[in-house]
Amino acid sequence: MTAVGIIFSEIHDHNLPEITKKRTLGSVPFGGRYRLIDFVLSNMVNSGITSVGVIARNNYHSLMSHLGSGKEWDLSRKFGGLTVFPPYSLSSGAGLYSGRLDAMKSILSTLEKVSDDYVVLADCDTVCNMDYTDIIKYHADKDADITVIYQRKQVADKRLNSTIYEIGEDGRVNSAFVGIAPDREDNVSLGMWIVNRNLLITLIREAIAVGRLSFEKDIIAKRAGSLKIYGYNFEGYAVKIDSNSSLFQANMDLLDSSIRNEIFKKNNPIYTRVRDEAPTRYASDVTVKNSLIANGSVVLGDVENSVISRGVHIGKGAKVKNCVIMQGAVIGDNANISYAIIDKHCVIKDGRVLSGHETYPFVLAKDTIV
Amino acid sequence: MIRKNRCIAMLLAGGQGSRLHVLTKNIAKPAVPFGAKYRIIDFTLSNCINSNINVVGVPTQYQPLVLNRYIRNGLPWDLDRLYGGVYILPPYQQSNGTDWYKGTANAIYQNIRFIEQYDPDYVLILSGDHIYSMDYSKMIEYHEEKGADATIAVIKVPIEEASRFGIMNTNEEGKIVSFEEKPKVPKNNEASMGIYVFSWKKLRKYLVEDEADPNSSNDFGKNIIPKMLADGEKMYAFPFSGYWKDVGTIDSLWEANMDLLNEETSGIINDPNWKIYARNPVCPPQYIGDKASIKDSIVSEGCDINGEIDHSVVFYKVTVEEDVYIKDSIIMQDAVIKKGARIINAIVGDHTVIGENAVIGGEATEEGRKISVIGGGAVIADNEVVAPGEMIDRSDEPII
């Protein structure tokens, strides 16, 4: 019952224009010291999956430099380990794909070479701590062809497409719907699937033959009747990062100790790239409340209800409240910011005042100087 | 295969460090935690890699388990190399007998074959119990320029403290004319830092001779250096200025940690061009709660802080519950400080539990500051009182 993992580092039409301008969704900074891809990657590693392919599409430099050889996730292996698949251009045409199924065409030969029974397919935009071993066991017990992982909830942001599954009492997926979710509790896809490897190879070959592109629309939705597709309801904390406000809210969720303890489980830790920062330094006259602060930061001002990443400088007399400050940003002396997402290496000069709103955080793109 | 190396380093990590008492009961001194996320040896290892020295041998014999596990393949220091890297060198059985390392010089003598694999021109001898940042490449250049047989790094110490050190008397060119180990009346204040560059062929000769001398205690300071001086070898002092601290005692370990809170001396861990590398634990950022108050302190990742911390050094994964007061103290990794505990002028070891309303240590008095020490893994009961200067040892097993 072994599985390989395939991660789609960028697949969605998302609503994070400033944050993903220069990076893939997978390398979006999160939680003070992580990138979004760390969660799915760590979950796979903690579930005993030691061969993981990451399919990149564009702007993947930051992703490649973050992942390196994969050693920080214990994926620098002689057998298996981490492989990044940049777009692969055949003589027949352009290499950029336009759907998960399309994307997997380029890794068909890799899937054929391994001997594992199952493939875990996953997007990288969901923050959760999930043990795939339970789900793979469920998949095997049901003798399923495909198991979709979903969560029973109401979609928060109505502007974005979601995948909704209709699931019978026996757990079978009867149909799938991709579009704007209706205003009620539904079985919302978490963008993760367990598929029998041999079936996946067949599906990819068929897709090449007839030009299918989308795994969800062309396979799950159209073939729910003919394939044994089961649903697995994940009951833990899981949040999809698909907008500035969900990025902001999910960061804020980490200030809740029960969510924090669920995401950063002792025995299933989330791994990330090491940066060798010094410990966080706090000055003698600061007030820091309810905040998550990473190493390498220097706190000379006040911080409240915020997530502060590695190597951030908070100036003297500055007030940072309800903010997500990413790596290496500098908040000047006496600056006052609230409800903001400040991307990496932004500089807020002394005395500047910036404010967004709880439901619509102000977002400052990478390297901006205010 | 021999690949020529200009200089390799031998980092002496075999000593027991008995003056750190309970803190080195189960681990070698170089593995003692320091500065909220480091261990003492990180500073010398980082100096090596930052000075472009890629081969580091670490002779070790006292309680090496934690040190071995910490250094392992050397990856955090970029010392996992195809050629060279870091090597833990325990004493080993040989056809003509088995010996522990009898002294610092003997530890190198027993590893002559290790050194010769790299065919070095120079060998840098370091000790794993000092906190400092130093570019060894400058010292090696100095050694080369002077055409020296041995070069010893020296630092100016306050003259009233000079009688605690090995003092070098030099001429105008920096050539060492005499050496006095802990002189009662020091002639100057240039103290040996225990950092030596030797031309390898010369050192090899002296190590072999020293080994053959049954009266020798096989020590660099006591035997090799005086012998070379007596023989008129070319020995130079390399002046170093900057932060340097021997952390061989409880008081000096405490002081060196507190130095990291002082703007003038904290640069040692904050220099972006001279990073200090460490094996990093896997944990989320530190959480500072609503009822917390942190002033003038350094805190590492994975902590959950809900009490008051003033002028202290807090390692990773430490839990500080509400109404706790910590001042002028060092709290090592994975410690749990329960509600209402008060910790003043103390070193609290790793994986300890300090019970509710326990009192550890106290403010300095006219007699001076007395540091209380709680050994790693100890459990202090609720309401228990540990007096200033008291040392608690409750662990039988090494903490993994």
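What radius of gyration would a compact globule of 400 residues have, and what does chain B have?

1. A compact globule with 400 residues would have a radius of gyration near 21 Å, and chain B agrees, at 22 Å. The radius is taken over C-alpha atoms, and the globule rule is 2.2 Å times the number of residues to the power 0.38. Along the principal axes, the C-alpha atoms of chain B fill a box of roughly 65 × 50 × 40 Å.

2. This is a predicted model, in which local features need pLDDT of at least 70 and side-chain atom pairs count only at pLDDT 80 or more, while totals for chains, interfaces and linings use all residues. Residues are numbered from 1 along each chain as its sequence is written, chains are lettered from A and ligands numbered from 1 in the order in which they are written, and side-chain values use heavy atoms, without hydrogens and water.

3. Nine helices and 31 strands make up the secondary structure of chain B; these are DSSP runs numbered from the N terminus (helices H or I, at least four residues; strands E, at least two). Of the 400 residues of chain B, 58% are buried, meaning under 20% relative accessible area (1.4 Å probe, protein chains only).

4. In chain A, helix H5 (residues 132–141) has A:Tyr132, A:Ile135, A:Ile136 and A:His139 buried. These residues lie on the same side of H5(A) because they cover an arc of only 100° around the axis, the arc being that of the directions from the axis to the C-beta atoms. A:Asp143, which follows H5(A), has a positive phi near 55°.

Technical notes. Buried < 20%, exposed > 50% of the residue type's maximum accessible area, 1.4 Å probe, protein only.
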